[in-house]
Amino acid sequence: MPAKSSTIVTALTTAAVVAVGVLGYQAAASAPATLTQARSDGHHGASQGNRDQPGKKAKPPAPAPVPAASGTGRRVVYSLGGKRVWLVDAKGKTVRTFTVAPSTVSPAPGSYAVGSRSVSVTGSDGIAIEHVVRFTTVNAVTVGFSAAVDGSRPDPGAAKKTGGIRESRDDGKALWDFALHGTKVVVVS
């Protein structure tokens, strides 16, 4: 009997090792290109860099630069094509930048101003939203930035015309704190 139970234990251990190997392979195959590139270059993330230069942290990637044609001064810049927002201070320095999910109705490139704000409302898509910062109207559809309380992003194929440009809750709070009534909003292509 003991030989039989040791055989079972060996078989189960072998099966577990094979399963872990298969899962590891699947994880590696589905990893983002940035991770697989780092692995193929022989770098193993920030910890490797810290061993090479003690006391120094790995440098994060540089944020996307503010579009050159976005004007000057304190402003919110929204890139339609880049699906990105920049919060720019009076000296032209980016305070924060983040990606957004565009609305189904987009404003034309140009300069606008924050016209109204709401702490929390229900969006035109029926989702509870917060930190709503509105800056224009296009064909009777109000356009502005907001964050869904449940963290959802709008369906880009939605047939309903909405003007909500969605961001994460953290980014929404940052934009809310930055874009007071009258703040310039520059929309670029």
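Leaving aside its neighbours within four places in sequence, which residues is Val85 in contact with?

Modeller: Before I answer, please keep in mind that this is a predicted model, in which local features need a pLDDT of at least 70 and side-chain atom pairs count only at pLDDT 80 or more, while totals for chains, interfaces and linings use all residues. Residues are numbered from 1 along each chain as its sequence is written, and side-chain values use heavy atoms, with hydrogens and water left out.

If we set aside the neighbours within four places in sequence, Val85 is in contact with Val76, Val77, Tyr78, Arg96, Thr97, Phe98, Val100, Phe145 and Leu175, where contact means heavy atoms within 4.5 Å.

Helices (H or I, at least four residues) and strands (E, at least two) are DSSP runs, numbered from the N terminus, and two strands pair if DSSP finds at least two bridges between them. Strand E1 and strand E2 run antiparallel and are joined by 5 bridges, with Val77 standing opposite Trp86 of E2. These two strands form a hairpin with 4 residues between them. Lys83, which lies in the loop between E1 and E2, has a phi near 50°, a positive value in a residue other than glycine. Lys83 counts as partly exposed, because its relative accessibility is 42%; here buried means under 20% relative accessible area, exposed over 50%, and partly exposed in between, for a 1.4 Å probe and protein chains only.

E2 also pairs with strand E3 (residues 94-99), again in the antiparallel sense and over 5 bridges, and the bridge partner of Val85 in E3 is Phe98. The hairpin of E2 and E3 has 5 residues between the strands, and in it Gly92 takes a positive phi near 90°. As 4 of the 5 residues of E2 are buried, this strand is largely enclosed by the rest of the structure.

Val100 is found in the loop between E3 and strand E4 (110-113), and it counts as buried because its relative accessibility is 5%. Leaving aside neighbours within four places in sequence, Val100 is in contact with Tyr78, Lys83, Arg84, Val85, Arg153, Ile165, Arg166 and Glu167. The C-alpha atoms of Val100 and Gly82 are separated by 9.0 Å, although these residues are 18 residues apart along the chain.

A nonpolar core is a set of buried Ala, Val, Leu, Ile, Met, Phe, Trp, Tyr and Cys residues joined through side-chain atoms within 4.5 Å. The largest one has 22 residues, of which Val76, Val85, Leu87, Phe145 and Leu175 touch the most other members. At least two residues of this core come from each of strand E1 (75-79), strand E2 (84-88), strand E6 (128-138), strand E7 (141-148), helix H4 (169-178) and strand E9 (184-188). H4 gives the most, with 4 residues. There is also a second, separate core of 5 residues, which includes Val77, Val88, Val186 and Val188.

Thr136 is found in E6 and is buried, with a relative accessible area of 16%. Not counting residues up to four places away in sequence, Thr136 touches Pro107, Tyr112, Val141, Thr142 and Val143. In the loop between E6 and E7 sits Ala140, which has a positive phi of about 70° although it is not a glycine. Ala140 counts as exposed because its relative accessibility is 74%.

E6 pairs as well with strand E5 (residues 116-122), in the antiparallel sense over 6 bridges, and Ile129 in E6 is the bridge partner of Val121. The hairpin of E5 and E6 has 5 residues between the strands, and Gly126 in its turn has a positive phi of about 85°.
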